[in-house]
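Please look through the sequence and the model below before reading on. The report then describes how some of the parts are packed together.

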Amino acid sequence: MAAPMPVPEVQAYTAPNSSEEEQQASLDTLVSRMRAGTPSPRDLIAGMAAQLTSEDDRVRTRGCMLFAQVLAAAPELFAADSDVQTAADFLSARLADRVSARAALTGCLALLQRKGARVAGVPAA
């Protein structure tokens, strides 16, 4: 199996010295690319491996927050059940990392707020 391809916007967003403006530009570019078809949600998560396993708390937190912001900005990218499952699995795993928990919860909320989201016993938004 080939190693996951790094996602340049992830590297730029999670860099410890990136400004809010640089982070926003990275997010906007990434969402545009994803809407055009690449990377897929699954490929994005795979491409974030280095950031999500970094020993730098700030880098791990920013990686998780980037994913949460992509989910909030482009919920249509998570319409397929497999993409929803991938996002839910990813976010639930990030809850175990205390420094990423807030970002993971932000992503969980975005996942639940998607138009047409189906959660047992909860009406769709």
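In this predicted model, helices α6 and α7 pack at an angle of about 155°, with their axes 8 Å apart; axes are lines fitted to C-alpha atoms, for helices over the stretch in contact, and angles run from 0 to 180 degrees between N-to-C directions. Because angles over 145 degrees count as roughly antiparallel (under 35 as roughly parallel, 65 to 115 as roughly perpendicular and the rest as oblique), α6 is roughly antiparallel to α7. On the side of α6, the contact (heavy atoms within 4.5 Å) is made by V84, A87, A88, L91 and R94, and on the side of α7 by A101, A104, G107, C108 and L111. These residues divide into eight nonpolar, one polar and one charged, where Ala, Val, Leu, Ile, Met, Phe, Trp, Tyr, Cys and Pro count as nonpolar, Asp, Glu, Lys and Arg as charged, and the others, Gly among them, as polar.

Residues are numbered from 1 along each chain as its sequence is written. As the model is predicted, local features need pLDDT of at least 70 and side-chain atom pairs count only at pLDDT 80 or more, while totals for chains, interfaces and linings use all residues, and side-chain values use heavy atoms, with hydrogens and water left out.

The pair α5 and α6 packs at an angle of about 150°, with the axes 12 Å apart. Here the contact is made by R60, C64, F67 and L71 of α5 together with A87, F90, L91 and R94 of α6, and these residues divide into six nonpolar, no polar and two charged.

| Helix pair | Angle | Distance between axes |
|---|---|---|
| α6 and α7 | about 155° | 8 Å |
| α5 and α6 | about 150° | 12 Å |

The protein as a whole has seven helices and zero strands, where helices (H or I, at least four residues) and strands (E, at least two) are DSSP runs, numbered from the N terminus. Of the 125 residues in the protein, 42% are buried, a word that stands for under 20% relative accessible area, with exposed meaning over 50% and partly exposed in between (1.4 Å probe, protein chains only). Among the contacts in the protein with a separation of 6 or more, 62% are between residues 24 or more positions apart.

Helix α5 has 17 residues and reaches 24 Å from its first C-alpha to its last, close to the 24 Å expected at 1.5 Å a residue; the expected span is 1.5 Å times one less than the number of residues. Its buried residues include V59, R60, L66 and V70, and the buried residues of α5 pack against α1 (8-14), α2, α3, α4 (49-52), α6 and α7. In α7, the buried residues are A101, A103, A104, G107, A110 and L111, and they pack against α5 (57-73) and α6 (81-94).

L30 lies in helix α2 (residues 20-35) and is buried, because its relative accessible area is 0%. Not counting residues up to four places away in sequence, L30 touches V7, E9, P39, L44, L66 and V70; of these, V7 is 23 residues apart from L30 in sequence and 8.6 Å apart in space, C-alpha to C-alpha.

L44 is placed in helix α3 (residues 41-47) and also counts as buried, at 0% relative accessibility. Leaving aside neighbours within four places in sequence, L44 is in contact with V7, V10, L30, M34, P39, F67 and V70.
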